[in-house]
Structures are given as structure tokens and as C-alpha cells.
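I opened this notebook to record what I looked up in one structure.

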Amino acid sequence: MSEQFPQHARAVIIGGGIIGCSTAYHLSKIGWQDVVLLERKELASGTTWAAAGLVTQLRQNRQMSNLVRYATELYANLEAETGVATGYITTGAITVCQTEARRSEWLRAAAKARTYGIEVHEITLKEAAEMVPGMSTSGLITAFYIPKDGQTNPEDTTQSLAKGARLGGVLIFQNTAVTDITTRNGAVCGVKTEKGDISCEYVVNCAGMWGRQVGKMVNVSVPMHAAEHAHAVTLPIKGYKKVFPSIRDFDGLTYFKSENGAILFGGFETVSIPWGREGIPDNFKFTQLQENWDQFETFTNCAFERFPDIQGAEIRHLEVVPESFTPDTFFMIGEVPGLKNFLIGCGMNSVGIASAAGVGRALAQQMDRGYTEEELWPVDIKRCFSWQQNTKYVHDRIVESVGVSYHKHFPNRQRTTARPVILTPIHDRLKARGACFSQTAGWERADWFAPQGVEPVHRYDWRRPNWFDYQAEEHLAVRDNVGLYDLSSMGKLLVQGRDALTVMQYLCANDMDVKTGKIVYTPVLNVRGGFETDVTVTRLAEDQFFIVTAGATVVHDLDHFRRGISAYAHACVTDVTHGYAMLAIMGPTARDLMSALTDEDLSDSAFPFATALEIDVAYARPLAMRISYVGELGWELYIPTMFAAPVFDAIAEAGEKMGMKYVGMQAVNSLRLETGCRHWESDITPDDTPFEAGLGFGVKLNKGDFCGRNALLRKKEHGLCRKMVMFTLKDADPMLHAGEPIFRNGQRAGEITSGAYGFKVGAAVGMGYVNHPEGSIDDDWIISGEYEIEVEDERIAAVAGLKSPYDPKNERVRM
């Protein structure tokens with residue numbers, strides 16, 4: 001490079017793969033000057049060069065799908081801007097199904113895709129075979145066609161993005177390894193390299209396979225690990241088209257791509273081979289690993305069945321390379337927790353080429369204005385925990401992670417590797433009572449309880465999984481008698497200090513200036529009025545507030561509160577999650593059970609709803625909160641961890657005499673949906689306001705200034721275009737999960753954000769935002785419509801309501 005090596009930059013991007021070059025390109029497009037990209041070897045020489053180059057729009061959720069949709073636009077037009085061809089072509093893609101379960105999955109996926117604006121059709125096997133001469137449809141039952149999917153050349157696309165970045169003033173230095181990152185006052189301030197130091201305001205870790213190593217320079221958790229990943233390419237096969245739609249045979253674990261009359265094929269290993277645990281060689285550049293035909297055999301067998309001509313074709317080569325995967329198979333982007341201006345774009349799980357355009361644009365948006373155009377929580381780095389840096393954990397989980405992409409994506413599908421990580425204090429007691437466990441944020445949680453003689457294992461199904469009947473019993477026990485569940489995984493934060501009230505009043509939309517012992521539900525908003533999170537807050541003292549949030553969002557929420565405390569404020573926030581277990585006693589006879597455990601007056605007048613008090617239970621003094629997420633009378637007991645087991649034993653002894661049922665997370669979810677409780681991430685996100693979500697009661701506009709207030713005032717003035725609506729299917733058989741399209745008077749109006757079976761109301765229930773196509777929405781317009789929900793290609797009539805289908809006046813929690 002002829003440019004002089006700089007001593008200062010506004011932003012330094014580490015890594016010259018397609019993610020780094022896309023980030024550089026998009027920063028240049030929004031006018032950022034003094035941007036430097038540093039690549040340890042050559043552009044695209046890590047893992048980018050070896051990718052298959054498929055650009056498949058439909059991903060796990062709307063956010064990730066939109067990132068790829070943007071790529072189909074950018075890659076197709078980039079050559080006109082930069083003069084460097086990307087090799088992008090629109091080929092279309094066909095997914096073939098061997099089983100009815102896979103067809104059910106894709107009927108649901110196709111419906112979701114259409115709500116995202118992605119064209120998807122179910123086609124006949126004859127139509128599929130005509131589009132792809134040489135493909136056998138033996139053993140298949142149906143196929144789905146996505147006309148606008150494409151493929152691109154990974155190296156050429158990277159070089160085109162790099163050229164665009166250079167044209168915008170970005171300096172790119174190859175053969176320049178970053179050796180350290182410097183920080184000052186909780187923010188990055190520079191990088192050290194073999195060629196000298198660069199002071200800077202921002203650092204973006206796009207180091208790919210080296211991303212975890214770069215994260216360790218600033219003690220940031222970037223949980224991912226490389227695994228061997230392979231594809232083979234044939235020589236040209238006579239009679240085959242130069243271009244045909246890519247084929248994905250999920251049941252055969254294999255994909256196929258046209259390659260100028262030849263076929264490239266590979267797949268996602270069910271049991272992968274981790275690579276690089278001891279480190280990555282310094283000379284790694286365009287490196288291939290040893291061929292492993294035994295590991296590749298599954299894909300070869302599928303190839304012979306799906307394209308019989310491959311049996312007689314010559315394989316040009318088998319390409320085995322390392323590829324990075326994350327524990328949950330979602331990539332990681334965004335500003336990291338605990339360190340300002342250090343951002344991540346890593347762990348792409350073999351979808352880096354397709355996602356790079358959107359990821360680079362999102363990182364540039366976040367750096368430029370502090371937030372992205374669309375919320376991206378599913379891939380936010382703040383979902384990751386510090387313990388996930390553990391080398392053994394990421395190594396053991398990656399064995400499974402690679403193959404997850406081609407699993408049947410049933411609701412509640414559990415990972416089986418790298419478990420257990422975190423056990424609640426009563427784990428063994430729940431296991432002895434038949435608990436089948438699920439995992440969230442590392443916590444083993446009782447998902448449902450198997451009766452004696454039934455094996456506590458998950459057997460998945462789109463309609464009636466094996467736990468359905470047992471979940472029904474647990475659900476109805478809470479509705480009709482009393483149930484006990486363990487939610488020790490809930491996040492618990494403590495805000496304290498003489499300025500604690502001032503901090504809480506600004507960060508929370510509800511009024512926090514309440515009496516000691518009062519519990520307040522509150523949205524926590526961003527400056528746009530959207531939910532950064534929602535929490536319950538108990539005022540413990542004049543200068544102490546106890547926050548309860550979801551276990552999966554602790555890192556995110558802790559970081560948000562910490563960033564919200566001024567450097568001049570006398571206040572701090574502490575994560576006390578592991579200091580307390582939480583046992584919930586819920587149901588219409590909960591007061592009777594609690595009265596057998598404590599001498600405290602539990603009457604409604606002495607212990608009203610939304611209050612908290614330390615009480616005697618066994619030999620402990622748990623903080624009892626009269627609050628409910630399941631729509632029934634009850635108390636959540638926050639117990640210092642070392643007291644939890646004896647308290648559980650006392651509850652169990654008294655409860656079993658009353659017919660108390662042990663309750664798992666599946667029932668908790670169906671109970672909360674039946675009673676209309678929202679869930680952050682699914683139903684409320686940074687893009688949704690409390691007024692749209694039907695949670696305006698948690699906002700006190702007249703209390704004074706708070707974060708998001710001005711945005712809410714504008715929203716109130718201009719009116720709403722969308723609003724959360726509850727739905728109950730009129731047919732008792734179909735199931736709702738999430739993503740099902742909502743139709744109003746025959747027109748698409750939204751999608752279900754979360755759903756479950758409502759065992760008390762006798763049908764599936766769900767919630768979702770209904771959009772008014774012509775502007776302002778009101779309650780009369782919502783209720784006046786006729787509604788249907790699309791479930792597996794069939795529209796099911798539904799009853800719509802602005803309140804929950806069960807106990808719409810929310811009276812039972814106040815019994």
C-alpha cells in the first residue's frame with residue numbers, strides 16, 4: 001500500500017473479510033472520514049474466500065432475513081458503482097422435503113417469509129425437476145421455491161466492497177496484525193499493530209475466526225469456536241445447466257449449487273469436528289485442512305440420491321476449511337457491554353456472505369447514530385454472557401452447533417451438548433420429581449414434569465409434542481388450585497446510592513417515587529420511545545431499588561442501567577442474580593398454602609397486590625412479592641440462595657397435602673399468554689412503544705422528564721398506526737407458536753409475535769401487532785374487523801380482543 005500508516009483514525013476496523021470490508025464500505029457511504037481497516041494477511045484470506053456464496057433470504061427471523069434481502073440488492077448493483085464485479089446472479093432456490101414434519105415447518109416458514117416481503121411458493125415435484133434437470137425427486141413429498149435468492153462470488157464481492165470503501169476514503173492496510181487494544185475511562189482509545197500504534201474513537205472487531213482472540217484483548221466475551229466445514233465440487237456434468245436454482249435438502253443435510261455446469265455440494269455436519277482449540281497458526285492464509293471423506297460421507301450419499309449423475313462424475317476437489325460457529329448459531333453484532341465504542345461483527349455461522357451487506361450497514365448505523373434502523377436483538381452481542389468465554393464450553397457446544405442449521409426447527413428445540421452449566425439450588429429435587437429440563441442463558445430450568453413411568457425427554461412436534469398433556473395438567477392446576485415453579489434464572493439487579501431515585505426516575509417510564517415495599521411494573525425506554533427492556537422494580541429503601549428482569553437479558557439490562565448512570569451521580573447497579581433463588585406459588589388457593597408456611601397476615605388488606613415484604617418461611621426470611629406473570633393470585637419468593645433448598649422442602653411438604661402441582665416453563669408460557677402478559681424480545685422490542693403494545697399504564701408522562709418521553713409525546717400527538725391485539729382461535733385443534741400471519745377482512749395485517757395453547761380457554765391463543773394500512777388506528781377499527789390466522793397454509797378464524805381472553809379485567813391476581 002502506498003498510503004502512509006496513520007497515527008490517528010476515527011474508527012479502526014480489525015479484519016479484512018467480507019464483514020470488515022462491508023463495514024468500511026458502509027461507513028464511507030454515510031460520510032465517515034478517517035476510517036482505517038487492518039487485515040493480518042490479505043483481504044478475504046481467512047474464511048471468506050472458501051464460502052459457497054449462497055445468498056438465501058429466509059433466515060430464522062425477520063431481522064436476519066432483512067439483512068440478507070438487502071444483500072440481494074447491494075451485490076447486484078455494486079459493480080456499477082465500483083467497477084469490480086461481484087459475480088452475483090439471481091438463481092432462485094428450492095427446498096425439498098422428505099417428511100411431513102419438514103413440510104409443516106416450511107408451510108409455516110413460507111407464511112412468515114411472505115410477511116417479511118419474501119416471495120415463496122410451494123411447487124410440485126414435477127415443477128422442481130423441470131427447473132433442475134438431473135435432480136431426482138425420489139423420496140420427496142414436496143418442494144418450496146424462493147425465486148429471488150441468489151449466489152455471489154465471495155472473494156470478488158469482498159474486493160468490490162473494499163474498492164467502494166477506498167473510493168470513499170477508507171485506508172486499507174494488509175499484512176498488518178493488531179497486537180493489542182488500548183482503553184481509557186471505559187472506552188476504547190487505540191490499537192497497537194506491528195507497524196505502529198493508532199489512536200482512535202471506535203474499534204470494530206470483524207476478525208472472523210480470530211474474533212474471540214481479539215475480544216480477549218479487552219476482556220470481552222466473544223463466544224465462538226471454529227469447526228471443520230466442507231464442500232466438494234464436481235467437474236462439469238454433460239447436460240447440466242450452467243445456472244439453476246440452488247437446492248437445499250434439509251432432511252439429507254445437504255445443499256447443492258450450480259457451478260458453470262458442475263455442481264458444488266456440501267452440508268452441515270450433525271457431529272462436527274472442532275478446530276483450532278490450541279490456537280490458529282500465524283501463517284494461516286487461504287488455508288485448507290486435510291480432506292476427510294469419512295466425515296463427508298453423509299453429504300456424498302445424499303448427493304448420489306438427489307443427483308444420480310454425480311456417481312459417475314469426477315470430483316474436482318474436496319475443500320475442507322475451518323468456519324466459526326456460536327453456541328446458539330446466531331452471529332454477534334453491536335456495541336459490547338461494559339466498554340464504549342468497541343463493536344463486534346463476528347461468529348457468522350456460515351451465513352457471512354449472505355449477511356455481510358446488512359451487518360456492515362447495521363454496524364455503521366449504530367456507530368453513526370447510536371442505534372440500528374431495525375432492532376437486532378437476536379444477534380446482539382449483549383445476549384452473550386462472560387462465562388461463555390470458557391474454552392471447553394464453546395468447544396463442546398460447537399460439536400452440535402454446526403448441524404443445527406439443518407435440524408427440524410421445532411418450537412422449544414433444545415441443545416443437548418455442553419450441559420449443564422448453571423443449576424438452581426433445587427435442581428436435584430425437581431429432577432427427582434420428574435422434571436424434564438430446558439436451558440436458557442445457561443440455566444437448567446424445569447420445562448415440564450413427567451409423571452411416574454414416563455421418560456422425561458423432549459419429543460418434538462408442530463402440533464402436539466409429547467409434553468402437551470402434562471403441560472395442560474400443570475397449567476390447569478395453577479388456574480384451579482395451586483402450582484409451584486422455580487424461576488431462579490430471573491435476573492436481579494440492585495440499584496443503590498443517594499441518587500438512586502433520580503437515576504431510576506430518568507431511566508424508567510413509570511413513577512419510581514413510591515413507598516418502601518411497593519412493586520412497580522415499568523417500561524425502560526430508548527430515546528425513540530421503544531422498549532430497551534421491561535422490568536418490575538421494588539423499592540427496598542429510600543436509596544435502594546430491586547429490579548427483576550428476564551434471565552436471558554441480564555447482560556443487556558445491566559449494561560443499559562450502568563450506561564444510564566451519570567458519572568456524577570452517587571449511584572451504582574449490581575448484578576445480584578446468583579444471590580437469590582426465586583420460587584413462585586401461584587393459583588387461587590395460593591393464600592391457603594402460604595398461610596401454612598408463615599404467620600404473616602396475607603389478607604388482601606394487609607398484603608395487597610404489588611407489594612413486597614420479608615416474611616418467615618421455614619428458617620429463612622425471603623422477600624415475598626405479591627406479583628404474578630401467570631394471571632393468578634400468588635407470591636414470588638426471593639430467597640438467599642443458601643436458604644433455597646430448605647424453603648423448597650417446607651413448601652413441598654405443605655403443598656403436596658393440598659394437591660399442589662409442580663409447574664414447568666412450558667406451562668408458565670401458556671399461562672402468561674392466556675392472561676396477556678408480554679415478553680420482551682418476542683412481543684415488545686426496541687422498535688415498539690408502550691402505547692402500541694397496550695402497556696401505556698406503565699408510563700407516567702406527567703412525572704417529569706425521562707428517557708423516551710419526548711418520543712412518546714410525539715407518538716401520542718400523531719396517533720398510532722399499529723397496536724397489539726390478542727387472538728383466540730375458533731378451532732381448538734391448530735397450534736400457534738410465532739410468526740403466523742394475521743389477516744383482517746382478508747388482508748394481511750400483521751403476524752403473531754408469540755403463541756401457545758390456552759388450556760383454560762380451550763384453544764390456541766396468541767398476540768400480535770395489527771397494522772392499519774391507511775394510517776391512524778383506533779380500538780373501534782380493530783374490533784370491527786373479521787380475523788383469520790394462517791396456520792400451515794390454512795386460514796383459521798380467530799376472535800380478536802384488546803384484553804386477554806382469560807380474566808380480561810385482571811381481577812384474579814387481586815383476589
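Across which strands does helix α3 (residues 100-115) lie? The model is predicted, and in it I found α3 lying across β36 (741-744), β37 (747-758) and β39. I noted that α3 runs at about 140 degrees to β37.

Barrel. I traced six strands that close into a barrel in the order β35-β38-β37-β36-β39-β40, with antiparallel pairing. Neighbouring strands of this sheet are turned by 40 degrees against each other on average, direction ignored. I then looked up β39 (residues 787-791) and β40 (residues 794-801), and found five bridges joining these antiparallel strands. Glu-788 has Ala-797 of β40 as its bridge partner.

Helix crossing. I checked helix α2 (residues 62-82) against helix α8 (residues 352-369): their axes come within 7 Å and cross at roughly 95 degrees. The contact includes Leu-67, Tyr-70 and Leu-74 of α2, and Ile-353, Gly-358 and Arg-361 of α8. By class, I recorded 11 nonpolar, two polar and one charged residues in this contact.

Cavities. My search of the whole structure returned two cavities of 30 Å³ or more. The largest cavity holds about 60 Å³ of space, and its lining includes Glu-228, His-229, Glu-269 and Phe-299. That lining divides into four nonpolar, three polar and two charged residues. For the second largest cavity I noted about 50 Å³. Its lining has 10 nonpolar residues, no polar residues and one charged residue. Strand β24 (483-486) gives the largest share of this lining, three residues.

Methods
Residues numbered from 1 in each chain as written. Predicted model: local features only at pLDDT ≥ 70, side-chain atom pairs only at ≥ 80, totals over all residues. Heavy atoms only, no water. Pairing = 2+ DSSP bridges. Helix = DSSP H or I, 4+ residues; strand = E, 2+ residues; numbered from the N terminus. Axes fitted to C-alpha atoms, helices over the stretch in contact; angles between N-to-C directions. Contact = heavy atoms within 4.5 Å. Nonpolar A, V, L, I, M, F, W, Y, C, P; charged D, E, K, R; others polar. 1 Å grid on protein atoms, 1.4 Å probe; cavity = no way out; pocket = protein on both sides within 12 Å on 5 of 7 lines; lining within 4 Å. Points joined across faces, edges and corners; volume = space filled by probe spheres on them.
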